[in-house]
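These notebook entries record what I looked up in the structure. I began with a sheet and then turned to the domains.

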Amino acid sequence: MIKPENLLRPTPEGLYCPPGDFFIDPIRPVERALITHGHADHARPGSGKVLATRQTLDIMALRYGENFARERQAVGWGEALRIGDVTVSFHPAGHVLGSAQIAVAHKGLRIVASGDYKRRVDPTCLPFEPVPCDVFITEATFALPVFRHPDTAAEIGKLLFSLQHFPERAHLVGAYALGKAQRVIKHLREAGYDAPIYIHGALKTLCAYYQDQGVDLGRLRPATVEGGKKTDFAGAVIVGPPSAFADKWARRFPDPVASFASGWMRVRQRARQRGVELPLIISDHCDWDELTETVAELAPSQLWVTHGREEALVRWCELRQLSAKPLHLVGYEDEAE
Ligand SMILES: [Zn+2]
């Protein structure tokens with residue numbers, strides 16, 4: 001069996017596979033890139049050949065234009081592809097639509113690079129699939145015992161409760177444009193909320209794509225009604241990217257309730273700093289329990305930990321005699337979650 005470090009290793013461009021001569025989620029343009037999912041810190045434009053799921057390729061084209069790569073190739077779920085001397089396959093990561101873990105196998109050794117992932121139910125994408133492996137590469141965005149995401153339906157319930165009690169106020173929900181926004185909308189629909197939901201222009205294309213892929217988001221309306229009155233939005237839910245809430249756009253709404261859907265809303269100080277009145281702890285990443293349960297379930301011979309709070313998870317493994325190390329990859333933000 002070859003050494004894991006000879007199959008995948010961190011480089012300044014990202015994770016590199018020497019026997020396959022490709023990178024996973026490179027942070028700079030490279031000749032051949034395998035992409036786990038469409039978030040901007042993982043999927044960057046300008047590479048030569050890009051291999052990803054059909055949905056991730058579509059999302060990259062929507063965000064960067066059709067020329068985001070010289071060549072693209074779509075891979076089906078679980079389909080084994082040969083690249084150089086290695087076999088790769090893509091498996092659902094449960095993070096956003098199209099998101100994949102990438103399994104890389106060579107000479108009897110299998111490493112799974114999970115990208116970003118979560119374990120709890122997300123009605124907008126396929127659930128995480130545990131893939132047996134020798135080395136599991138995990139994210140560590142919320143890898144501290146203090147991070148325990150509450151029940152999603154209960155968080156959505158807080159928003160519905162506020163809508164009931166403040167029917168004259170607009171409810172502005174900040175949510176990232178890929179994944180979180182559609183998930184919040186879908187959860188609202190599942191909770192029985194069937195009024196039109198207003199969306200910021202920056203969400204339009206991706207919401208339409210989700211609908212096109214069979215994720216029914218119900219009636220969506222632009223939150224940019226020209227010539228409309230402020231009172232038109234009384235009691236309405238308006239979803240927009242977090243950046244939009246700081247600018248003039250947000251001031252068109254009547255006495256808005258500022259809400260924000262993010263795993264970071266667990267940290268009260270972050271909610272206060274952003275002026276968030278109604279924090280919703282809804283995350284597309286694993287919390288501490290999901291991370292440790294996943295590691296226990298997969299029981300890899302080695303755990304490699306990246307982007308986030310690596311130390312706590314490495315320590316947790318050490319206490320259980322599991323081999324673990326931080327990877328020190330750079331360029332992946334934990335803000336955009
Ligand atoms: Zn992501």
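I found an open sheet of seven strands in the order 7-8-9-10-11-18-19, with mixed pairing. Strands (E, at least two residues) and helices (H or I, at least four) are DSSP runs numbered from the N terminus, and two strands pair if DSSP finds at least two bridges between them. I noted strand 7 (81-83) and strand 19 (323-326) as the edge strands, each pairing on one side only. From one strand to the next, the twist averages 25 degrees. Axes are lines fitted to C-alpha atoms, for helices over the stretch in contact, and angles run from 0 to 180 degrees between N-to-C directions.

I note that the model is predicted: local features need pLDDT of at least 70, side-chain atom pairs count only at pLDDT 80 or more, and totals for chains, interfaces and linings use all residues. Residues are numbered from 1 along each chain as its sequence is written.

I looked up strand 9 (residues 100-106) and strand 10 (residues 109-113), which run antiparallel and are joined by five bridges. A103 stands opposite V112 in strand 10.

I recorded helix 8 (residues 310-319) as lying across strand 11 (135-140), strand 18 (302-308) and strand 19. Helix 8 runs at about 165 degrees to strand 19.

The domain assignment, automatic or from a database, gives domain 1 (4-146 + 285-326) and domain 2 (152-280). Their centres, taken over C-alpha atoms, are separated by 30 Å. I found 15 residues of domain 1 in contact (C-beta atoms, placed from the backbone, within 7 Å) with 15 residues of domain 2.

Note on methods:
Two residues are in contact if their C-beta atoms, placed from the backbone, lie within 7 Å.
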